[in-house]
Amino acid sequence: MYIEVKDAVKKYGTGESELYALNHVSLSLEKGEICVILGPSGSGKSTLLNMLGGMDHLDAGSITIDGQEITKLSRKALGEYRRKKIGVVFQSYNLIPELTVRENIRVVEDISQNPLPLSELLEKLGLTDHATHFPSELSGGQQQRCAIGRALIKNPVLLLCDEPTGALDSVSSREVLRMLAEVNEAYHTTIVMITHNEGIAQMADRVVRIHDGQIISNLKQQKKNVEELEI
Ligand SMILES: Nc1ncnc2c1ncn2[C@@H]1O[C@H](COP(=O)(O)OP(=O)(O)OP(=O)(O)O)[C@@H](O)[C@H]1O
Ligand SMILES: [Mg+2]
């Protein structure tokens with residue numbers, strides 16, 4: 001299996017205030033899958049995503065990605081792994097306001113081993129004509145597509161998205177989701193995306209529902225085209 005989470009446990013606090021953000025979570029994903037994670041606020045979605053991205057440490061259990069058990073890596077090796085192999089997109093775009101679209105993406109290109117061709121990526125992002133624009137000159141959807149470009153330029157094995165359309169209207173959301181579907185198709189990038197929107201879950205190969213730190217359902221499905229989503 002391409003991604004294997006085994007019996008992952010993450011606790012916060014001690015004694016009375018002890019809380020299991022992840023309570024023995026196990027999950028397997030195939031390469032190239034789009035997995036959507038649904039669940040109420042505080043259920044552990046971001047915690048799981050952070051663990052997959054090597055952004056935090058588990059208390060117990062293991063995570064293996066592309067043959068590498070990342071939970072065994074030293075802090076330094078994990079940082080390196082994350083920089084080279086993992087792309088992350090958040091609800092807020094976190095673009096550098098003083099840099100243009102092209103420059104924002106190039107920041108990451110410079111530190112990548114096998115970057116994707118920038119012009120091809122800009123084309124796919126629909127941002128070729130906006131390459132020299134600053135973030136303040138872009139719509140929300142365009143800014144998020146730029147942020148996705150920054151996550152993708154390194155050609156990550158895994159793209160993690162934490163509510164990437166949370167700040168967008170439905171038209172911009174669809175633009176961004178269309179892009180993610182295209183990227184998944186073109187580069188076979190495995191995508192794990194958190195959303196609150198049941199409509200968005202229809203574009204996934206797999207839908208995982210989390211409640212109180214536990215997976216309550218994990219279903220493969222026939223995914224829908226982004227144009228057909230009711231969002
Ligand atoms: N650094 C932390 N310290 C203490 N508790 C934390 C910390 N991070 C998360 N938690 C707790 O762990 C639980 C899971 O949080 P998480 O952020 O994973 O939820 P979520 O499903 O992403 O919620 P949302 O939909 O609101 O983003 C919550 O109860 C949260 O309060
Ligand atoms: Mg969250």
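**Helix packing and a ligand site**

The axes of helix 3 (residues 101-109) and helix 4 (residues 118-125) approach within 11 Å and cross at roughly 130°. Helix 3 is therefore oblique to helix 4, oblique being the class left once angles under 35 degrees (roughly parallel), over 145 (roughly antiparallel) and 65 to 115 (roughly perpendicular) are set aside. Val101, Arg102, Ile105, Arg106 and Glu109 of helix 3 meet Leu118, Leu121, Leu122 and Leu125 of helix 4, where contact means heavy atoms within 4.5 Å. By class, this contact of helix 3 with helix 4 has six nonpolar, no polar and three charged residues.

The structure is a predicted model, in which local features need pLDDT of at least 70 and side-chain atom pairs count only at pLDDT 80 or more, while totals for chains, interfaces and linings use all residues. Residues are numbered from 1 along each chain as its sequence is written, chains are lettered from A and ligands numbered from 1 in the order in which they are written, and side-chain values use heavy atoms, without hydrogens and water.

Helix 4 also meets helix 6 (residues 170-187): their axes come within 10 Å and cross at roughly 140°. These two helices are therefore oblique to each other. Glu120, Lys124 and Leu125 of helix 4 make the contact with Met179, Glu182, Val183, Ala186 and Tyr187 of helix 6.

Attention now turns to the ligand. The residues around ligand 1 (a heavy atom within 4 Å) include Tyr12, Ser41, Gly44, Lys45, Thr47 and His196. An oxygen atom of ligand 1 is 2.5 Å from an N or O atom in the side chain of serine 41. For threonine 47, the corresponding side-chain distance to an oxygen atom of ligand 1 is 2.6 Å.

Definitions and conventions:
Axes fitted to C-alpha atoms, helices over the stretch in contact; angles between N-to-C directions. Helix = DSSP H or I, 4+ residues; strand = E, 2+ residues; numbered from the N terminus. Nonpolar A, V, L, I, M, F, W, Y, C, P; charged D, E, K, R; others polar. Polar contact = N/O pair within 3.5 Å; in protein donor to acceptor, adjacent residues only side chain to side chain.
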